Each structure stands twice: as structure tokens, then as C-alpha cells.
Amino acid sequence: MDQATKLLIDGLYETHLPVADLGKSMDFYRDVIGLEFGSVIPDRKVAFFWVNGKSNAMLGLWETGSSPLRMHLHIAFRLSSQQVLDAPEYLRKRGIVPRGFNGEPVEEPVVIGWMPALSLYMRDPDGHSIEFISVLNEQPDSDFGIAPYSSWVSRP
């Protein structure tokens, strides 16, 4: 491939997270997040989940044990705007605290003004930052910063 030719990346297909308890994490990603189970390989302590079907994306969960040095990572799942707006109630019913951009408990999703995107966060059983996000079909407003959705819709 010459320098004038560039690859056209179509999307991100897979990501992997280290987890302390594979069974507990499998329950979370299947029952709370709603991912479709793909496969588990017990001798390797790994499980795979499909994200919107096997041709779209995959999440791998790798049990690493209980080392005191833990890495906390971040992944975001794309949802419709209505699903993100409904997510706080959905999470609370499952005993999960909906969180804002800085990890603070929130009652509603936040909007990241420079994108703009509707966003809601939570923690998985290992403390990884999990985000539900929906890019809004509106003009960016970098002066807005990051604030509750109700503040976004009530802007002048």
C-alpha cells in the first residue's frame, strides 16, 4: 500500500476487559447490559458476548484473579436517545447507580455539548466505566460543557 492510500476503518469490532470473577461479570453483561452470549472457554477463563449480533461487535471478558493492582477501563455502548433517557430507571431497578460524566450519581443522563451526545455511566462488577451513549442530531455547543439533559433541552 502506498502512502497516498489509506485504510478505511469501518468501525471497532472487539474489545476485551479483565474481570475478577468471570461468572459474576457474565451475569452483569448478559442480564443487565443485555448482550447476547457468544461462548465461554472455561480452561482459558474467558467469555465472549456479541454486541448487536456477531457481525457487528464482540466483547471479551478475561478472568485475571484478585491481584491488588487492578486496571479500570472504559467502554461505551451506542443506544438510541430514548434508550439512554430510559436507562436510569432501568439501572436503578437492577440495583445499579446511574452516574454522570465525573462518576457522580445522577437522576438523568448528561449531555456532552461539544459532540453533542446524550450519555449515562455506571460501573460493572470490577469497577470498569460503562457508558450508554447516543450522538444527538443537533448542533454542537462547546460552551454548554457537560450538564444534565434537562438543561440541554431548556437552553435558549
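This is a predicted model: local features need pLDDT of at least 70, side-chain atom pairs count only at pLDDT 80 or more; totals for chains, interfaces and linings use all residues.
Me: How is a pair of aromatic rings described?

Reply: A pair is described by the distance of the ring centres and the angle of the planes. Rings of Phe, Tyr and Trp (its six-membered ring) pair if their centres lie within 6.5 Å; planes under 30 degrees apart are stacked, over 60 edge-to-face, and the rest tilted. In this model, local features need pLDDT of at least 70 and side-chain atom pairs pLDDT 80 or more, while totals for chains, interfaces and linings use all residues. Residues are numbered from 1 along each chain as its sequence is written, and side-chain values use heavy atoms, without hydrogens and water.

Me: How many aromatic pairs does the rule give?

Reply: The count is five. Among them, F48 and W62 are edge-to-face, 6.2 Å centre to centre with 90 degrees between the planes. F48 belongs to strand β3 (residues 46–51) and W62 to strand β4 (residues 57–63), so the pair ties together parts 14 residues apart in sequence. Strands are DSSP runs (E, at least two residues), numbered from the N terminus.

Me: Is F48 buried or exposed?

Reply: Buried means under 20% relative accessible area, exposed over 50%, and partly exposed in between (1.4 Å probe, protein chains only). F48 is buried at 15%, whereas W62 is partly exposed at 26%.

Me: Which residue lies over the face of Y90?

Reply: A charge sits over a ring if NZ of Lys or CZ of Arg is within 6 Å of the ring centre and within 35 degrees of the ring normal. R94 lies over the face of Y90, 3.6 Å from the ring centre; R155 lies over that of W152, at 3.5 Å.

Methods
Helices (H or I, at least four residues) and strands (E, at least two) are DSSP runs, numbered from the N terminus.
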